[in-house]
Amino acid sequence: MGILIDRVVLRQIRMPLVHFFETSFGRTYERHMVLVEVQSGGLSGWGEVTAGENPFYNEEWTESAWRIVRDYAAPRVLNFELADASAVDARTAHIRGHNMARGGLEAAVWDLQARMNRRPLYQEIGGGARREIPCGVSIGIQNSVAELLRKIETEVEAGYQRIKIKIKPGWDVDVIREVRRVFPKILLMGDANSAYTLADADRLAALDEFGLMMIEQPLAHDEIIDHVELQSRLRTPVCLDECIRSAHQAAQAIRMGACRIINIKLGRVGGFGEAKRVHDVCQAAGIPVWCGGMLEAGIGRAHNIALATLPNFILPGDVSASKRYWTRDVINPWVETTPHGTIVVRDTPGFGYELDLEFLDSITVRRDGIG
Ligand code: OSB
Ligand code: MG
């Protein structure tokens with residue numbers, strides 16, 4: 001028995017962040033995300049599009065996501081007999097790019113299928129290798145090093161297993177030296193979000209002495225070949241984020257030696273189907289992966305937790321507690337971490353949390369129904 005989706009409802013929600021989040025490409029104070037609800041015979045599945053507010057991390061942003069889901073992706077799954085959720089990916093594969101928009105819809109159908117089968121989403125996608133997922137935090141660029149050190153201390157005390165700090169030219173070697181002086185033993189890494197070029201290789205090699213777990217996406221978002229040369233000049237493992245949009249690109253990057261670790265983001269690769277294929281390619285090659293984040297609200301966070309139960313997600317990821325970002329989350333309970341820096345995977349059907357529909361309505365700024 002397949003899945004027949006009779007209606008797709010889109011919402012745009014607005015959620016101010018507890019604290020601004022700054023990367024090498026800019027500061028975010030407030031998130032605007034698109035939520036996708038797919039309906040079938042009285043049941044609903046939910047997805048969250050992880051695109052940012054501006055086309056700076058990749059080409060997508062809130063507005064493009066809205067248009068792509070409404071005008072191109074949703075019409076491809078509506079009133080069409082899908083064999084199962086894994087069919088959604090291929091139904092929208094003719095859309096060039098816009099993986100986050102495609103992935104928001106795809107994830108919603110997986111959630112719907114899990115609810116139809118009364119199973120937790122992590123089981124539906126073939127996960128369940130662990131009952132608790134290991135968690136790290138991503139800490140943005142701060143106004144001062146003192147402020148950064150305070151933030152790190154808070155997160156280490158909360159139990160998070162590794163600390164990632166955002167870096168860029170001018171906020172790198174000296175900052176990491178100071179972090180290492182104060183916290184000599186923590187698992188530490190830097191994420192450049194493509195802020196460097198190969199001309200900066202010596203500067204990046206200067207980070208080798210600080211024993212970082214990895215340096216994430218140092219070079220251009222679409223540049224695998226330069227990462228090959230950079231990795232050959234660094235002792236620190238390179239981890240690719242922005243560069244890896246498909247299992248094919250993951251296989252190429254690994255084959256060429258562009259990285260030793262890959263960050264998998266559900267949206268960036270277009271949903272659970274491709275995320276699993278990236279996972280499998282990495283696992284077969286002995287490349288560990290971890291689950292990245294895009295400042296998600298509860299739905300996206302819950303989907304990330306399910307994804308991170310696949311076996312090769314062995315490194316602590318960027319999935320952390322709701323309260324680090326939000327004064328109120330859209331789900332109940334909020335995502336919480338244990339004192340040893342893990343999230344316990346829930347066993348309720350679908351993505352595992354209750355939606356706070358009343359709150360959701362209060363932060364919805366735009367709504368549209370298709371079908
Ligand atoms: O590169 O991992 C990234 C947030 C927005 C855009 C890109 C990135 C990030 C993060 C935040 O690092 C991770 C999180 O959601 O906690
Ligand atoms: Mg990153």
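**Exercise 1. The nonpolar core**

Task: Determine how many residues the largest nonpolar core of this predicted model has, and which of them have the most contacts inside it.

Solution: The largest nonpolar core has 122 residues. Those with the most contacts inside this core are Ile 5, Val 8, Ile 165, Ile 262 and Val 330. Next, consider the contributing elements: helix H3 (residues 99-116) gives the most, with nine residues. At the level of domains, the core draws at least three residues from each of domain 1 (7-118 + 354-370) and domain 2 (124-344). A second, separate core has seven residues, among them Met 213, Met 214, Ile 261 and Leu 315.

**Exercise 2. The surroundings of Val 330**

Task: Name residues in contact with Val 330, leaving aside neighbours within four places in sequence.

Solution: The contacts of Val 330 include Ile 13, Met 15, Ala 297, Gly 298 and Ile 299. Further along the chain, Val 330 is also in contact with Glu 354, Leu 355, Asp 356, Phe 359, Leu 360 and Ile 363.

**Exercise 3. Ser 64**

Task: Decide whether Ser 64 is buried or exposed.

Solution: Ser 64 lies in helix H1 (residues 62-77). The relative accessible area of Ser 64 is 9%. Buried means under 20%; therefore Ser 64 is buried. Not counting residues up to four places away in sequence, Ser 64 touches Glu 59 and His 98.

**Exercise 4. The magnesium ion**

Task: Identify the residues that coordinate the magnesium ion (ligand 2).

Solution: The coordinating residues are Asp 191 (OD), Glu 216 (OE) and Asp 241 (OD), at 2.1 to 2.3 Å. Along the chain, these donors follow the spacing D-x24-E-x24-D. Asp 191 belongs to strand E7 (residues 187-191) and Glu 216 to strand E8 (residues 215-216), 25 residues apart. Both Asp 191 and Glu 216 are buried.

Definitions and conventions
Residues numbered from 1 in each chain as written. Chains lettered and ligands numbered in written order. Predicted model: local features only at pLDDT ≥ 70, side-chain atom pairs only at ≥ 80, totals over all residues. Heavy atoms only, no water. Core = buried A, V, L, I, M, F, W, Y, C linked by side-chain atoms within 4.5 Å. Buried < 20%, exposed > 50% of the residue type's maximum accessible area, 1.4 Å probe, protein only. Helix = DSSP H or I, 4+ residues; strand = E, 2+ residues; numbered from the N terminus. Domains from an automatic or database assignment. Contact = heavy atoms within 4.5 Å. Donors = N, O, S within 2.8 Å, 3.2 Å for Na, K, Ca; no water.
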